[in-house]
Amino acid sequence: MPKSAVRPGAPKASTARRRGRATPGTTRLGLPGARPRWWHTIAMFGPAFVASIAYVDPGNVAANLTSGAQYGYLLVWVLVLANAMAVLIQYQSAKLGIVTGQTLPEHVGARTRPWGRRAYWVQAEIVAAATDIAEVLGGAIALNLLFGVPLVMGGVIVGIVSMVLLLVQNARRQRTFELMIMGLLAVIAFGFLAGVFVSHVDWFAAADGLVPRFEGAPTVLLAASMLGATVMPHAIYLHSALARDRHHVEFAAHAERTDFTGDSLRPRGEEQSATEAPGAPVQPSSSRIASPTRLRLLLRATRGDVVIALLLAGAVNIAMLLLAASSLRGVDGTDTIPGAYVAIQSALGPTIATIFAVGLLASGLASTSVGAYAGSVIMKGLLRIRVPVVARRVVTLIPALIVLGVGIDPTWALVLSQVLLSIGIPFALIPLIRLTGDRTLMGEFADRMPVRIIAWTVVALIVALNVVLIFLTVTGAGVAA
């Protein structure tokens, strides 16, 4: 072909092949190289793995070990049901952030009067503080078990390491933050799954534990604690931000620049319509967020991300309960994490006990970083105040250090914090399900009727359990005889 026949500036055929240029009718995800579609889908995984850290934090360890040690395999069904609920809930949160370009706290803040927004923030902040106490306590206990570090000093070390992790996080470096947290998640999974492979699990009894039932008020209280440790409010708030920031970097960067006044959530250069109320949330459109085709691809990848991440988290939780039921049942002192560590060391050997403690440490470090990130998202969306996440980490570390310093039993504080978390779940769930079912907001991506029925059923079950929990706590009927 003569040179004159070649279009100026057109790449050579070999260059086009190397760049993986899409053929007509196919959709590319903007990633380099001609790779299979499944590879592009996996490359978008990450946000759910960060959110799933909340499902394997030290509060889970305390609740699951207590359940297994005291009641054997009785409450396995609670973890299975809670994990199934978590898959639905976390996907809904991620979908809200992807489709609208806004986080759940931003939506709630835009639809609530100032006094209501502040009251909502107070309860969300209490829940976040309870979460943070549990996470710092777990990390401090792990350092004490591994190296004999005093609990208060261990809490300080956990806080410092979490600050280092948080320094990596922002809208332009989220992938790096995700990879670091996923690495810690791998350590957590290994640490808590290892013991199951060397313990003598009664698999028939474990299967019988899938039948829903209780044995008195104490098991209801413990089930509520396990639910609070599994379906966590701050993870619901956070996942909408993680998904938005990962898949709409330019939208997240704009949110970082804005001062949150008036129509501050609107992309720069775009005027507010005269028919819109001041501060109204930005409605989705292809020019602001993504085309419907792109959104469908993102949501399909998000479903895989959520299912795989939470299946892993669920397996870790169930493994902890099975380990306690098979190796710690009837052993004195297993109602505390240090006591469980000693019992594991005696029953399964020092290697398994050390691996368990390393998993607990990774759990504390990762979850306290993610918890501080979630608290920042909540404050930014509800109060429209941006506090540097590291500065927030310093402030929220204080309550945990006080708990460690005054000598409160750490394991008891962990279980109690999970009960408090379960009370905060409806405040996150109800707005989420209302928003994802709103067709004027979500358009064609609004929840269909079957999904809405299932979602509201989940909310009703959780609220009912929390009412029972409050009654048992107030009356003292949940205290074991």
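Predicted model: local features only at pLDDT ≥ 70, side-chain atom pairs only at ≥ 80, totals over all residues.
**Helix 12 against helix 16**

The axes cross at roughly 80°, and an angle from 65 to 115 degrees counts as roughly perpendicular. I also noted that the two axes come within 9 Å. Helix 16 covers residues 350-382.

Next I listed the residues that meet. From helix 12 I have His234, Tyr237, Leu238, Ala241, Leu242 and Asp245. From helix 16 I have Val370, Gly371, Tyr373, Ala374, Val377 and Ile378. I sorted this contact by class: nine residues are nonpolar, two are polar and one is charged.

**Helix 12 on its own**

I checked the length of helix 12, which runs over residues 233-247. Its 15 residues should span 21 Å at 1.5 Å a residue. I found its end C-alpha atoms 22 Å apart, which agrees. Then I asked how much of helix 12 is covered. I counted 15 of its 15 residues as buried.

**Arginine 384**

I moved on to the loop between helix 16 and helix 17, where arginine 384 is found. Helix 17 spans 389-405. Phi of arginine 384 is near 55°. I marked this as a positive value in a residue other than glycine. Is arginine 384 buried or partly exposed? Its relative accessibility is 28%, so I put it down as partly exposed.

**Glutamate 106**

I looked up glutamate 106 in helix 6, residues 104-110. It counts as buried because its relative accessibility is 4%, and the cut-off for buried is under 20%. What does its side chain reach? I found the backbone nitrogen of threonine 103, at 3.1 Å.

**Valine 331**

I then went to the loop between helix 14 (292-327) and helix 15 (337-348), where valine 331 lies. Valine 331 has a relative accessible area of 35%, so I noted it as partly exposed. I also looked up its separation from alanine 69.

**The whole chain**

Last, I looked up the totals. The protein has 20 helices and zero strands. Of its 481 residues, 56% count as buried. I also looked at contacts between residues at least 6 apart in sequence. Of these, 82% join residues at least 24 apart.

Technical notes. Residues numbered from 1 in each chain as written. Heavy atoms only, no water. Helix = DSSP H or I, 4+ residues; strand = E, 2+ residues; numbered from the N terminus. Expected span 1.5 Å × (residues − 1). Buried < 20%, exposed > 50% of the residue type's maximum accessible area, 1.4 Å probe, protein only. Axes fitted to C-alpha atoms, helices over the stretch in contact; angles between N-to-C directions. Contact = heavy atoms within 4.5 Å. Nonpolar A, V, L, I, M, F, W, Y, C, P; charged D, E, K, R; others polar. Polar contact = N/O pair within 3.5 Å; in protein donor to acceptor, adjacent residues only side chain to side chain.
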